[in-house]
Amino acid sequence: MATETEYDLIVIGSGPGGQKAALAAAKLGKKVAIVEHGHMVGGVCTNTGTIPSKTLREAVLHLTGMNQRELYGASYRVKEHITPADLHQRTSHVIDREVDVIRNQLMRNHVDLHIGNGSFVDAHTVKVEGVHEAEHRTLTGDFIVIATGTTPRRPDGVDFDQERVLDSDEIVNLDFIPTSMVVVGAGVIGIEYASIFAALGCHVTVVEKRDTMLEFCDPEVVEALRFHLRDSAVTFRFGEEVTDVDVSPSGTLTTLASGKQIAAEAVMYSAGRVGRTDGLDLEAAGLATDDRGRIEVDDHFRTKVEHIYSVGDVIGFPALAATSMDQGRLAAYHAFGEPANDMTALQPIGIYTIPEVSFVGATESELTRDAVPYEFGVSRYRELARGQIAGDSYGMLKLLVSTDDRKLLGVHIFGTAATELVHIGQAVMGCGGTVDYLVDAVPNYPTFSEAYKVAALDVMNKIRAVRIFHDGGTTEEHAAAQSAAAAG
Ligand SMILES: Cc1cc2nc3c(=O)[nH]c(=O)nc-3n(C[C@H](O)[C@H](O)[C@H](O)COP(=O)(O)OP(=O)(O)OC[C@H]3O[C@@H](n4cnc5c(N)ncnc54)[C@H](O)[C@@H]3O)c2cc1C
């Protein structure tokens with residue numbers, strides 16, 4: 001081994017969790033090292049997951065002109081023949097810039113970046129093995145954060161050839177745009193890619209062994225999404241399992257347990273992810289994983305070895321970039337005794353399908369299950385001036401409001417800017433706000449944000465109809481209130 005360096009904190013993995021742990025500790029004046037494989041600075045998030053998939057989506061939306069077709073007609077395109085190079089150009093540009101931003105942030109904050117595979121020698125020592133032996137070194141740390149993320153789960157017996165049969169980390173590098181594709185798994189990643197390829201004109205078949213998809217979302221929103229995807233030539237095979245994938249130079253044949261066979265140019269597997277812990281020699285530090293390679297932590301992201309923390313996807317649910325970042329920050333704060341609030345329970349979910357979905361708080365089924373009385377209010381984008389201007393007639397925003405104290409309990413959005421708009425609801429809910437705030441607030445006009453006010457008024461009309469009944473209102477008052485509530 002070449003050198004041995006002592007640190008206050010060693011972080012293994014430079015994805016969102018590792019980065020934020022390293023930066024938080026550096027801001028506290030600590031001496032910090034981050035260990036990362038050479039080609040992956042920024043993690044799965046920057047190189048193969050979040051950033052490339054969201055950039056690909058943006059490129060597809062722009063080049064297909066899809067969002068403008070309501071205004072200019074079904075044949076509208078920005079570019080008629082979209083090539084893989086068109087798509088790669090944008091994704092690699094964004095990835096390069098993001099990696100540069102991350103490297104710069106680490107450098108500015110005096111975090112040492114060690115390139116190579118990190119593994120434990122003992123509970124305070126990490127060995128870094130780069131490509132060349134001269135680059136090997138050992139680091140010692142008072143504290144260590146494991147933020148090594150996940151890799152796609154690959155079922156046995158499937159021949160992943162990086163050309164026609166790919167996993168969700170490889171799909172962004174696909175070097176042709178298939179005319180047909182099978183997506184195995186209707187989780188968030190599978191459905192996002194299904195919608196992106198469908199927008200490119202690819203006939204996508206989604207095979208999912210469960211009977212439904214995105215069951216944690218509002219069912220009305222999921223129904224709207226399914227309708228849209230079917231309309232873009234996506235076929236759903238729910239309750240079906242893949243038993244075999246055959247590959248030939250000309251294409252693939254996917255066989256299902258029901259006997260159906262699907263011929264397609266490509267197959268993408270999105271069948272869950274497993275913790276990336278195999279190269280870490282965890283035993284040397286006194287640690288182990290569960291059967292999906294995940295590391296168990298307590299509420300402060302501490303493993304069972306007190307000075308070793310773990311954050312991000314490698315600890316499991318919710319496995320989002322957003323949450324990983326905050327876990328990293330909180331782990332570093334805890335290690336160095338910096339006071340901090342616990343992680344907030346109120347976290348939005350964003351699903352970057354085309355069209356996109358986002359929500360925060362409870363769903364109607366959760367409230368019904370828990371016998372929480374609530375009223376709902378809906379705003380349809382087609383009734384907003386902004387919806388007309390943008391050419392989004394299908395979008396909708398739904399508010400769920402407690403009929404006990406009028407607090408906002410949930411916000412569910414489908415359509416343009418859903419993943420941005422949700423934060424208005426998140427802020428109101430985070431401050432314990434009621435629907436009255438949204439009724440009284442005056443939003444810019446014309447905006448999609450106006451949907452909050454429209455939906456809030458819808459809730460209030462329904463609440464009023466019930467109140468008039470309780471107050472023993474006249475027949476005319478009843479009729480007027482009910483008709484106002486029903487009119488939406
Ligand atoms: C296709 C896709 C789309 C996604 N979209 C979204 C989204 O829209 N929004 C969202 O919030 N989340 C999204 N996610 C999830 C998000 O990418 C992850 O939650 C996030 O990347 C997890 O961050 P992390 O810190 O756990 O590390 P990761 O980003 O997983 O990075 C871990 C890093 O550790 C490194 N590493 C592993 N082992 C070692 C070792 N032994 N030595 C050195 N380095 C090592 C790896 O090389 C990797 O760079 C998406 C994921 C995928 C796959």
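**Domains**

Colour the chain by domain: domain 1 takes 3–152 + 274–335, domain 2 takes 165–271, and domain 3 takes 355–487. Bear in mind throughout that this is a predicted model.

Now place a centre on domain 1 and another on domain 2, using C-alpha atoms; 27 Å separate the two. The contact between these domains takes 14 residues from domain 1 and 13 residues from domain 2. Select helix H3 (50–64) and helix H5 (84–108), the elements that give two or more residues to the side of domain 1 that touches domain 2. Which of the elements gives the most to that side? H3 does, with six residues. By class, this side of domain 1 divides into eight nonpolar, five polar and one charged residue.

**Around the ligand**

Next, show the shell of 40 residues around the ligand. Five glycines come nearest: Gly13, Gly15, Gly43, Gly149 and Gly312. To see which elements give two or more residues to this shell, select helix H1 (16–27), strand E2 (32–36), helix H2 (43–47), H3, strand E4 (117–122) and helix H8 (321–335). Coloured by class, the shell shows 15 nonpolar, 21 polar and four charged residues.

**Helix H1**

Stay with H1, and step along its 12 residues. From its first C-alpha to its last, H1 reaches 16 Å, close to the 16 Å expected at 1.5 Å a residue. Is H1 mostly covered or mostly open? It is mostly covered, since 11 of its 12 residues are buried. The buried set is Pro16, Gly17, Gly18, Gln19, Lys20, Ala21, Ala22, Leu23, Ala24, Ala25 and Ala26. After H1, click on Gly29, where phi is positive, near 85°.

Most residues other than glycine have a negative phi, and most peptide bonds are trans.

Go to Leu214, in the loop between strand E10 (203–208) and helix H7 (219–231). The phi of Leu214 is positive, near 45°.

Then select Phe301, in the loop between strand E16 (273–275) and strand E17 (308–310). Phe301 is not a glycine, yet its phi is positive, about 70°. Is Phe301 buried or exposed? With 26 C-beta neighbours inside 10 Å, Phe301 counts as buried.

**Two cis peptide bonds**

Move to Ile354 and Pro355, which are joined by a cis peptide bond with omega near 0°. Pro355 sits in the loop between strand E18 (349–351) and strand E19 (357–361).

Another cis bond joins Tyr445 and Pro446, with omega about -5°. Here the proline is in the loop between H12 and H13.

**The annotated span**

Select residues 348–455, where UniProt, in an unreviewed entry, places the feature "domain: Pyridine nucleotide-disulphide oxidoreductase dimerisation". The end C-alpha atoms of this span lie 19 Å apart. The span is 34% helix and 27% strand.

**Val435 and helix H12**

Centre the view on Val435, in helix H12. Val435 has 27 other C-beta atoms within 10 Å and is therefore buried. Leaving out residues up to four places away in sequence, Val435 touches Leu399, Val401, Arg406, Leu408, Ala456, Val459 and Met460. Now draw a C-alpha to C-alpha distance from Val435 to Tyr445: the two are 20 Å apart in space and 10 residues apart in sequence.

**Helix H13**

Finish on helix H13 (residues 450–470). Why do its end C-alpha atoms, 31 Å apart, agree with expectation? The helix has 21 residues and, at 1.5 Å a residue, should span 30 Å.

Show the side chains of the buried residues of H13: Glu450, Ala451, Tyr452, Val454, Ala455, Ala456, Asp458, Val459, Met460, Lys462 and Ala465. Among them, Ala456, Val459 and Met460 are also contacts of Val435. The buried residues of H13 pack against strand E20 (374–380), helix H10 (385–390), strand E21 (396–402), helix H11 (418–430), helix H12 (435–440) and helix H14 (475–487).

Technical notes: Residues are numbered from 1 along each chain as its sequence is written. This is a predicted model: local features need pLDDT of at least 70, side-chain atom pairs count only at pLDDT 80 or more; totals for chains, interfaces and linings use all residues. Domain bounds come from an automatic or database domain assignment. Two residues are in contact if their C-beta atoms, placed from the backbone, lie within 7 Å. Helices (H or I, at least four residues) and strands (E, at least two) are DSSP runs, numbered from the N terminus. Ala, Val, Leu, Ile, Met, Phe, Trp, Tyr, Cys and Pro count as nonpolar, Asp, Glu, Lys and Arg as charged, and the others, Gly among them, as polar. The expected span of a helix is 1.5 Å times one less than its number of residues. A residue is buried if 20 or more other C-beta atoms lie within 10 Å of its own, exposed if 12 or fewer, and partly exposed in between; C-beta atoms are placed from the backbone. A residue is near a molecule or strand if its C-beta atom, placed from the backbone, lies within 6 Å of it. UniProt positions are given in the numbering used here, feature names are shortened, and annotations may be inferred rather than shown by experiment.
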